Amino acid sequence: MTQTATLAAAIAALERHVGFRRGRLVSMAQRLQNAGVIPTGGPRTAPQLTLVDVVNLVVAYAADAPLHLAARSVETYGALTPGGADLSGAPAGLKVSAASYLASIAALAAEGDAGMRRLKLEFVSTWPELAVHFDDGSTHRFQSIGAVSGHWQSAGHRKSLTINGAALADALQEIFP
């Protein structure tokens, strides 16, 4: 059975542990609910989020896009591939997207995996990119198909938000005890 938690519990834990601003989380959640990305709940019933729903809320917030682009940000960042590789002809077992990778990281973090606590998740908002930084100094990048891995994807500055793996793990363990 899939574990669920209330939207209010998820917002409180992400605010407390990760440092996300409550007001922006609430606004992001409303936009994601309106787009059907996360559930809305019912009359006198709080929305029940799965682990993937919480990850989608984190991605929408970390992408730092305008509110009206929250759902598109979840879709865009979720579709990123390792190094920008085109995996359309690859066998199903090799088709790894940022969405599936983040869901796996979140599941391990929620279960208390110590290795996940040492990760840093960097969401680049200047262009769609997710960089997963490991404690040994290596980085695993997810980028848009056709992007040149490890290179800036546009002229100008690079803006990103980095989430500490330990903070995210603490939030997920509080949300899904």
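Reply: The largest nonpolar core has 48 residues. A nonpolar core here is a set of buried Ala, Val, Leu, Ile, Met, Phe, Trp, Tyr and Cys residues joined through side-chain atoms within 4.5 Å, and buried means under 20% relative accessible area, exposed over 50% and partly exposed in between (1.4 Å probe, protein chains only). Those with the most contacts inside this core are Leu14, Leu57, Leu121, Phe123, Leu130, Ile163 and Leu172. Among the elements that each supply at least two of its residues are helices H1 (7-18), H3 (51-62) and H7 (165-175), plus strands E4 (120-124) and E5 (129-133). H3 gives the most, with nine residues. Helices (H or I, at least four residues) and strands (E, at least two) are DSSP runs, numbered from the N terminus.

This is a predicted model: local features need pLDDT of at least 70, side-chain atom pairs count only at pLDDT 80 or more, and totals for chains, interfaces and linings use all residues. Residues are numbered from 1 along each chain as its sequence is written, and side-chain values use heavy atoms, with hydrogens and water left out.

Now for Phe123: skipping neighbours within four places in sequence, its contacts (heavy atoms within 4.5 Å) include Val59, Ala62, Tyr77, Leu102, Leu130 and Ile163.

As for the backbone, Arg44 has a positive phi, near 55°, without being a glycine. Arg44 sits in the loop between H2 and strand E2 (48-49), and counts as exposed at 90% relative accessibility. Asp64, not a glycine either, has a positive phi of about 55°. You'll find Asp64 in the loop between H3 and H4, where its 34% relative accessibility makes it partly exposed.
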